[in-house]
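Here is a short briefing to read alongside the model. Take a look at the sequence and the fold, then follow the notes below.

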Amino acid sequence: MSLFKTKSVAAPSPDPSATSSAAVPSSTPTAAAASWPSQGCVTDSYDRSLKGYSEWTDAGWTASSCTALCSSKGFSVAGIEVKTQCYCSNQIDAAGVRVVDDGECDWTCDGTSDRCGGGWRLSIYSDKSLAAIVSGNDSPASTSSASSAAAEATSASVSADPTPASTAASSPTTAPSSGGSKAVYAHMMVGNTYPFNYDSWMSNIRLASAAGFDGFALNVGHEDWQAQQVRTAYQAAADSGTGFKMFLSLDMTSLACSAGWHADALKAYVTDYAGHSAQAYYSGRQLVSTFAGTDCSFGYGDWNAGWEGAFKQPLKAGGNDIFFIPSIFTDPSTFGASALDGELNWNSGWPSGGGDLDFSSDERYMSALGSKAYMAAVSPAFYTHYGALVAFAPALPSLGH
């Protein structure tokens, strides 16, 4: 069996397919913006539920400002997503759109009590009922509550399902196992989340879940603030209602691991989330990974003895027999090491050297692992920053104009 892990981070971002270059009606506004009531919460996607016009602003929208924009452009429906995105149209594209509970539009507009959407969730404002908006009926309807609008929309072929689309398991005992389906985790760099709050994590989790991910592999380093972000991430996942799961990927290029007591901090990190409702499990055991780790001896003779003696066995003795599937970066011939329950092939997601990407690396790892678990990497886009190349500039030839 294989677990799959991607090297991408889901985050709210503008969609170039729904920009201000879209066709804009030249008609006058159909209603005073201030009179547009809330019509509830619906799902959004890359195809966009409201396709007429859109604008983004870091300053954030309110129901009043977004409806004013849409009205000025000649549209009769406004939608706000993650507070910063305003979408306009005259109807909702019903294909795949679901009416969901208002609670899923859990972002609040700054300075108001208006709902301003959520991760892949649109707060809809219009003087027409949701049923009329979905069906394309342009006749204004009387003001109705969000709940009655959702009920009307059911008869317009929109599924009024408050349950998010993710089918990820909601408890460790039913998480993907060796006899079940493969799970897909996005590698989330906690070191890049310093400004995140609870809402940021919730938005990212819902975006990732809507895109089909089962959870985040949380890459954690040594900074104290990262521990708080991990706690917030786990809590947001548990509260999201998506079945989204988390597991720790201990970044051993950052965390200390030369002395025996260094393992104590890692064990405490792992133990904090044993049994957590958002913790990912494999074969009934808490899933734990690393980035690197061959330089970690924890005072033992080599990396295998160190991970086994200072980390895995003490956890097991304490009642937590973890499923350890690190990315060790070592020769596959050593994969029989007792510390490993499997191995993450970090570099299997992109070409190495001058050759094309193929499956030779995967096949080599799986052969060496035998019956142990194999986790592959998938990376549709990968980049890194090497810093300025100023030192090389004088040696570059003149290429003319």
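The largest nonpolar core has 49 residues, and Phe 216, Leu 218, Trp 307 and Phe 311 touch the most other members. A nonpolar core here is a set of buried Ala, Val, Leu, Ile, Met, Phe, Trp, Tyr and Cys residues joined through side-chain atoms within 4.5 Å. Buried means under 20% relative accessible area, exposed over 50% and partly exposed in between, with a 1.4 Å probe and protein chains only.

This is a predicted model: local features need pLDDT of at least 70 and side-chain atom pairs count only at pLDDT 80 or more, while totals for chains, interfaces and linings use all residues. Residues are numbered from 1 along each chain as its sequence is written, and side-chain values use heavy atoms, with hydrogens and water left out.

- Leaving out residues up to four places away in sequence, Phe 311 touches Leu 250, Leu 266, Lys 267, Val 270, Val 288, Gly 306, Ile 322 and Phe 324 (contact: heavy atoms within 4.5 Å).
- Another core, of 15 residues, lies apart from this one and includes Trp 36, Cys 70, Phe 75 and Cys 109.

**Strand S5 and its partners**

- In strand S5 (residues 85-89), five of five residues are buried: Gln 85, Tyr 87 and Ser 89 on one side, Cys 86 and Cys 88 on the other.
- Strand S3 (residues 53-56) pairs antiparallel with S5 over four bridges (pairing needs at least two DSSP bridges), and Glu 55 stands opposite Cys 86.
- Strand S4 (residues 77-81) also pairs antiparallel with S5, over five bridges, with Gly 79 opposite Tyr 87.
- S4 and S5 form a hairpin with three residues between them, and Val 82 in the turn has a positive phi of about 40°.

Conventions
Helix = DSSP H or I, 4+ residues; strand = E, 2+ residues; numbered from the N terminus.
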